[in-house]
Amino acid sequence: MALPRLDNARARALFLDRHGLAVTPSGPGRGADLQGVIGDLGFVQLDSINTVVRAHHMILHARRPAYRARNLHLLHDRDRGVFEHWTHDASMIDMAHFPHWRLRFARNRDTLAAKWTKWGRDFASKTEDVLRHIADHGPCSTAEVGVEEPRSSGGWWDWNPSKAALEYLWRVGELSVTRRDGFRKVYDLTENVIPPEYLNARPTEVETIDWACAAALDRLGFATSGELAAFWDLVTPEEAKGWALAGLRDGRLIEAEVEQVDGRWRKVLMRPRTLEEPVPEVTGRMRILSPFDPALRDRNRAERLFGFRYRIEIFVREARRTYGYYVFPILEGDRLVGRIDMKAERDRDRLHVTALWPETGVRFGTGRRARLETALVRTARLAGVSQVTFADGWMRSAK
């Protein structure tokens, strides 16, 4: 029997709708509204690069133009609407999901101690000291522990034992991030950070696996079992596959085919109702996206659906870069129409555009340039600068 099919246009619309990018954005971008955005997405990836603003702020701003960086700090530090931990990378996660992170904590406890000790990190003897220090003196950062221990100028894997103990205790859930000073994590005892209703909830492993797979599918719209496992990076591919097989047997899931941008069809899982649900018409709004936007995190998926190949070139030597150090994708409607190299120069009160490369077949005529300038003005406002400037020859040819 032929599988039900979702053509590429509808697949794009569904995917963008599930990622909060289909409709014209509105809302204050703070408090309960901001928590709702993060809850719909599931999490927002954190990144330290501050070429314009940090990635998490751009992600939220793309969905709420009124959003400002302070709003996320208040939601995390004061309101406790989100918590910080790992998905596939460091992320701000809806606080309602904290109970399910106990599965990660337990698995980290089983694996990290042996792995880190094997790598020569002498941290185990310092965990009690670190916990006692925080209990006695309150929240602390890596700058305030292990003062007498040898220090390294390398990455966190070269930290002194007390710094490594802080990270380990956070990874296993005994400590939580209470705030960041600049971009440095400040840790406290978890019971001082996580609200009691989430702190005291204890889902079983089976309940967490079911939640993780179901919640991933709801946010993706359609996926393979491997993509479900990768979404939160909380369950194993084998666990996601078992969940999918059970769902197909009991009718909670169906197999379907989704058309890729090149016309090929790919087998996926979806809920039976997904094919019948109305999908909103995608607004023609132009948005500058973070390279770590949830819609682009799975680079292969973005390439299959949108024909947009994106690779970070931070670690590529300048002479060998195809584009630039850190270029931003441009979304217009349901198309990724280009990528832009720009930087917030706060000492000169400007957002300076170095280059823009249209995608093949995309022309930046008068109308599209006007929409781009509007999007850049919004981005400049987020970055705290008042003007947008362009380098000579900034409009490049498609590659």
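Ala, Val, Leu, Ile, Met, Phe, Trp, Tyr, Cys and Pro count here as nonpolar, Asp, Glu, Lys and Arg as charged, and the others, Gly among them, as polar. By that scheme, the lining of the second largest pocket divides into four nonpolar, four polar and eight charged residues. This is a predicted model: local features need pLDDT of at least 70, side-chain atom pairs count only at pLDDT 80 or more, and totals for chains, interfaces and linings use all residues. Residues are numbered from 1 along each chain as its sequence is written, and side-chain values use heavy atoms, with hydrogens and water left out.

**Pocket**

- Rolling a probe the size of a water molecule over the atoms shows where empty space is left.
- The search uses a 1 Å grid over the protein atoms alone; a pocket is an open set of points with protein on both sides within 12 Å along at least five of seven lines, a cavity is a set of points where a 1.4 Å probe fits but cannot get out, and lining residues have an atom within 4 Å of a point.
- Grid points are joined across faces, edges and corners, and a volume is the space filled by probe spheres set on the points.
- The second largest pocket holds about 230 Å³ of space.
- Its lining has 16 residues, and Asp17, His19, Gly20, Asp40 and Arg64 lie nearest the centre.
- Helices α1, α2 and α9 each give two or more residues to this lining; α2 gives the largest share, three residues.
- Helices (H or I, at least four residues) and strands (E, at least two) are DSSP runs, numbered from the N terminus.

**Cavities**

- Six cavities of 30 Å³ or more are counted.
- The largest cavity has a volume of about 170 Å³.
- It is lined by 18 residues, with His19, Leu220, Phe231, Pro294 and Arg297 nearest its centre.
- Two or more lining residues come from each of α1 (8-18), α2, β2 (43-45), α9 (205-220) and α10 (225-232).
- The lining of the largest cavity has eight nonpolar, three polar and seven charged residues.
- The second largest cavity has a volume of about 110 Å³.
- Of its 13 lining residues, His61, Ala62, Arg287, Ile288 and Arg378 are the closest to its centre.
- Here α3 (55-63), β9 and α13 (366-383) each give two or more residues, and α13 supplies the largest share, four.
- The lining of the second largest cavity has eight nonpolar, two polar and three charged residues.

- Buried means under 20% relative accessible area, exposed over 50%, and partly exposed in between (1.4 Å probe, protein chains only).
- In α2 (residues 31-41), Asp33, Leu34, Val37, Ile38, Gly39 and Leu41 are buried.
- Glycine 42 follows α2 and has a positive phi, near 100 degrees.
- Glutamate 167 lies in α7 (residues 161-171) and counts as buried because its relative accessibility is 3%.
- The side chain of glutamate 167 makes a polar contact with the side chain of arginine 171, at 2.9 Å.
- A polar contact is a pair of N or O atoms within 3.5 Å; within protein, one must be able to donate a hydrogen and the other to accept it, and residues adjacent in sequence count only if both atoms are side-chain atoms.

**Sheet**

- Three strands form an open sheet in the order β1-β7-β8, with mixed pairing.
- The edge strands are β1 (5-6) and β8 (265-270), each pairing on one side only.
- Two strands pair if DSSP finds at least two bridges between them.
- β1 pairs with β7 (residues 254-259) in the parallel sense over two bridges.
- Arginine 5 has glutamate 257 in β7 as its bridge partner.

**Buried loop residues**

- Contact means heavy atoms within 4.5 Å.
- Threonine 274 sits in the loop between β8 and β9 and is buried, at 4% relative accessible area.
- Leaving aside neighbours within four places in sequence, threonine 274 contacts Arg10, Leu14, Arg18 and Gly221.
- Glycine 221 lies in the loop between α9 and α10 and is buried, with a relative accessible area of 2%.
- Not counting residues up to four places away in sequence, glycine 221 touches Leu14, Arg18, Leu269, Met270 and Thr274.
- Leucine 296 is in the loop between β9 (286-288) and α12 (299-306) and counts as buried at 4% relative accessibility.
- With residues up to four places away in sequence not counted, leucine 296 touches Leu289, Ser290, Pro291, Ala302, Phe308, Pro329 and Leu336.
- Leucine 296 and phenylalanine 308 are twelve residues apart in sequence and 9.3 Å apart in space, C-alpha to C-alpha.
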